[in-house]
Amino acid sequence: MHFIQSNALCQQGDRILIAVSGGIDSMVLLHLYVAAGYQPGIAHCNFHLRGNESDGDEKFVKSISRDLGTDYHQQDFDTERSATEAGISIQMAARNLRYRWFEEIRKRHGYNFFATAHNQDDVIETFFINLSRGTGIRGLTGIPVRSEKVIRPLLFASREAIVEYADEHDISFREDSSNASDKYLRNRLRHHLIPMLEEENPSFRNALMDTMRKLSETEKLYGQELIKMKQRLVRREGDRIRISIKDLSALEARQSILFEILSEYNFSPQAMEDIVHSLEGPAGRQFLSATHRIVKDRKDLILTPLAGKDDRKFYLEREVGRISEPLDLEWMVVEHTETFHIPVDPEIACIDLDKLSFPLMLRHWQPGDSFQPLGMNGIKKISDYLIDTKVSLPDKDRTWLLTSENKIAWVIGQRIDERFKVRPETRQVLMMKYSSPFPAK
């Protein structure tokens, strides 16, 4: 327990939930906690990826929990379907599923921490996996011993030491047959690359761990400076992020900084390079990841989540007066008198009430939509209007229309239709105000 104490991972009175797969690492971790006087809970995930073998793991862990008299928590996952729906690898899906579930169990049952059995070999393998994928400096710093409520008390131990401990204490465990396969990159590193490096340099393991320690210290300094840069470069507006092209272009290490800003949004290193090369080019280029889109606007790179086509329609009755979904809109009817003045504000529409038929419809614009912009004689397609008014691509996707009997009365937050405007003979005016979630630029 020296490693736990020196890294302040937990205290004797803490309630610990241990992720137990049934493999040698987690079974040794469970044995160590029990031997130290803890009464840990056991959490087991059945990902149903290995058929009867997965079910055998579940039965084994359940019987161990029964023998120890510990609390047992178990969850089944349709991992392949989750991976397909999220568009990620099965390994990543399994990781996301188990960590999310572990945290739910921890909170629900009052555990202070949940412990995983990652060891020194996992750290080394992860280093090479991240290195091969072009990760930033953070990915080369190893696996942290603690991440909020997740603790990893076995990071000091090599897999060889864990096997020796299991033999010495006659600890039973289940062998995952997939560990012998070279199907996965981690296994190929474990079976071939790392043994070759150890043969070349017997001190390889210690040298690499020392290098990762130094990289970790460097990353902390880098992170402090990165926070200052983000404050200068990045502006958040709801679920969108704006990155100043002018300020980014002025940086010598612009590609590395952009990588750090966008790393959590699933953009590839090649996409980062393409984005940097686009900074001096024309506006309108867009770059996609699995989850987000970046559009190069005139002054900013605009980052927004990808969303499916929104075909929702909302009906507005005259008497209701206000809605908050999908937009914050409020409206009222006023008399058109000599003292009435139309506000000069694109977020306020004044429409001749007699030209409207309720209920009004609120919907997104669609290809082929057209209207007669206020002050113009001819009809214009909505798509052309948005281009002419230099509306950014993310804002185009967010553009809503107010319609009456399939005629567009107002491109919300933009311009009303000439045919619905208030005229001298207008008797009553529908005043509608849109409260934009984004500050004026």
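**Overall form, salt bridges and selected residues**

Arg 159 counts as buried, at 17% relative accessibility. Buried means under 20% relative accessible area, exposed means over 50%, and partly exposed lies in between, with a 1.4 Å probe and protein chains only. The model is predicted: local features need pLDDT of at least 70, side-chain atom pairs count only at pLDDT 80 or more, and totals for chains, interfaces and linings use all residues. Residues are numbered from 1 along each chain as its sequence is written, and side-chain values use heavy atoms, with hydrogens and water left out.

Arg 159 forms a salt bridge with Asp 122. The closest N and O atoms of this pair are 3.3 Å apart. A salt bridge is a side-chain nitrogen of Lys or Arg within 4 Å of a carboxyl oxygen of Asp or Glu. The pair links distant parts of the chain, 37 residues apart. Arg 159 sits in helix α7 (residues 159-168), and Asp 122 in helix α6 (residues 120-132). Asp 122 is also buried, with a relative accessible area of 10%.

The chain as a whole has 14 helices and 22 strands. Along its principal axes, the C-alpha trace spans about 95 × 50 × 40 Å.

Of the 441 residues, 44% are buried. The accessible surface of the chain comes to about 24300 Å². Carbon and sulfur atoms hold 49% of that surface. Accessible areas come from the Shrake-Rupley method with a 1.4 Å probe; for residues, only the protein chains shown count as cover. Among contacts with a separation of 6 or more, 68% are between residues 24 or more positions apart. Contact means heavy atoms within 4.5 Å.

The chain carries 61 positive and 66 negative charges. Lys and Arg count as positive, Asp and Glu as negative; His and the chain ends are not counted.

The structure holds 31 salt bridges. One of them joins Arg 15 to Asp 71, with the closest N and O atoms 3.7 Å apart. This pair links distant parts of the chain, 56 residues apart. Arg 15 is in the loop between α1 (2-6) and β1 (16-19). Asp 71 is in the loop between α3 (52-68) and β3 (72-76). Arg 15 is partly exposed at 33% relative accessibility. Asp 71 is partly exposed at 44%.

Glu 217 and Arg 213 meet side chain to side chain, at 3.1 Å from N to O. Both residues lie in helix α9 (residues 204-233), four residues apart, about one turn of the helix. Glu 217 is partly exposed at 44% relative accessibility, and Arg 213 is partly exposed at 41%. Elsewhere, salt bridges that share partners join Asp 121, Asp 122, Glu 125, Arg 159, Arg 186, Arg 190, Glu 198 and Arg 205 into one network.

Ala 157 is found in the loop between β6 (150-151) and α7. Ala 157 is buried, with a relative accessible area of 7%. Residues up to four places away in sequence aside, Ala 157 touches Asn 119, Gln 120, Asp 121 and Ile 162. Ala 157 and Asp 25 are 132 residues apart in sequence, and their C-alpha atoms are 10.0 Å apart in space.

Lys 296 belongs to strand β10 (residues 292-296). Lys 296 is buried yet has no salt bridge. The nearest side chain of opposite charge, Asp 297, is 7.8 Å away. Not counting residues up to four places away in sequence, Lys 296 has contacts that include Ile 245, Ser 278, Glu 280, Arg 285 and Leu 301.

Gly 378 lies in the loop between β17 (370-371) and β18 (380-381). Gly 378 is partly exposed at 33% relative accessibility. Phe 371, Gln 372 and Pro 373 touch Gly 378, with residues up to four places away in sequence not counted. Gly 378 and Thr 426 are 48 residues apart in sequence and 22 Å apart in space, C-alpha to C-alpha.

Notes. Helices (H or I, at least four residues) and strands (E, at least two) are DSSP runs, numbered from the N terminus. The place of a charge is taken as NZ of Lys, CZ of Arg, CG of Asp or CD of Glu.
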